[in-house]
Amino acid sequence: MSQNYRHEYKYFCTAQQSEMIKSRIKCFMKMDTHVSQSGYYNIRSLYFDDNNNTNFFANENGTEPREKFRIRIYDNDATNIFLEKKQKCHGLTRKDSCLLTRAQADQLISGQEIVPTSETPQLLNEFVSRSKRLKLMPIVIVDYDRIPFTYPLGNVRVTFDMHVASSNQVTKFFDCDIAKRPILESGRQIMEVKWDNFLPDYVKQSLQTGSLPRTAFSKYYYCRKFSLSSGVML
């Protein structure tokens, strides 16, 4: 499963600003169908990098094109495990993904070799080949809660990410409770706006992003940077 390249803008906002924007867009945008009664879902991703921290420094230097691999689950549901490749090129982003079995995910996390078969997804084959060549290893867990809204025209998606946290307990990726460290100040959120070819004017006006600071914030980068330093980030 793959996407076309999409626009992706990110903004810092407070909880109060988030509530104001949500109250406006609720008039025409729908909540993502995967959201539970809690009103949000949890996302946990395990990112891979090599011994030279190539992905980390590519983020730090703004190198493009760049890409990174991750394993992702939602609401700690280990029955649906995704291997994803996130790419960025000329300011646009793209995500390719495939399903993993629990056994395959455990092998990737533990560094065991996966022997491809005719039924192995193409993306997993690519990851195995890349991992052999670059010695990729699981490096950091990124964990956060997301409130997502969708709109069909322009394939617009507006999300509010809260409680972004980092963990180095990569071998406990599937455990419900792991040691986590927040990387944002209390109450601070990230609003992401994604669309394909066009962003309708009334959607843009409802978001009123002019008063919000746009950012190139990368959850992976700051979770890595936080784990590599002793200071509090942001």
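1. What radius of gyration would a compact globule with 234 residues have, and what does the chain have? The globule would come near 17 Å and the chain has 18 Å, which agrees; the radius is taken over C-alpha atoms, and the globule rule is 2.2 Å times the number of residues to the power 0.38. Along the principal axes, the C-alpha atoms fill a box of roughly 50 × 40 × 35 Å.

2. This is a predicted model, in which local features need pLDDT of at least 70 and side-chain atom pairs count only at pLDDT 80 or more, while totals for chains, interfaces and linings use all residues. Residues are numbered from 1 along each chain as its sequence is written, and side-chain values use heavy atoms, with hydrogens and water left out.

3. Buried residues (under 20% relative accessible area, 1.4 Å probe, protein chains only) make up 50% of the 234 residues in the chain.

4. R157 lies in strand β8, residues 156-167 (strands being DSSP runs of E, at least two residues, numbered from the N terminus). R157 counts as buried because its relative accessibility is 19%, and its side chain makes a polar contact with the side chain of D32 at 2.8 Å; such a contact is a pair of N or O atoms within 3.5 Å, where within protein one must be able to donate a hydrogen and the other to accept it, and residues adjacent in sequence count only if both atoms are side-chain atoms.

5. The whole structure holds zero disulfides, meaning pairs of cysteine sulfur atoms within 2.5 Å. The sulfur of C13 is 17 Å from the closest cysteine sulfur, in C223, and is therefore too far for a bond. C13 counts as buried at 2% relative accessibility, and C98 counts as buried at 11%.

How values were computed:
Helix = DSSP H or I, 4+ residues; strand = E, 2+ residues; numbered from the N terminus.
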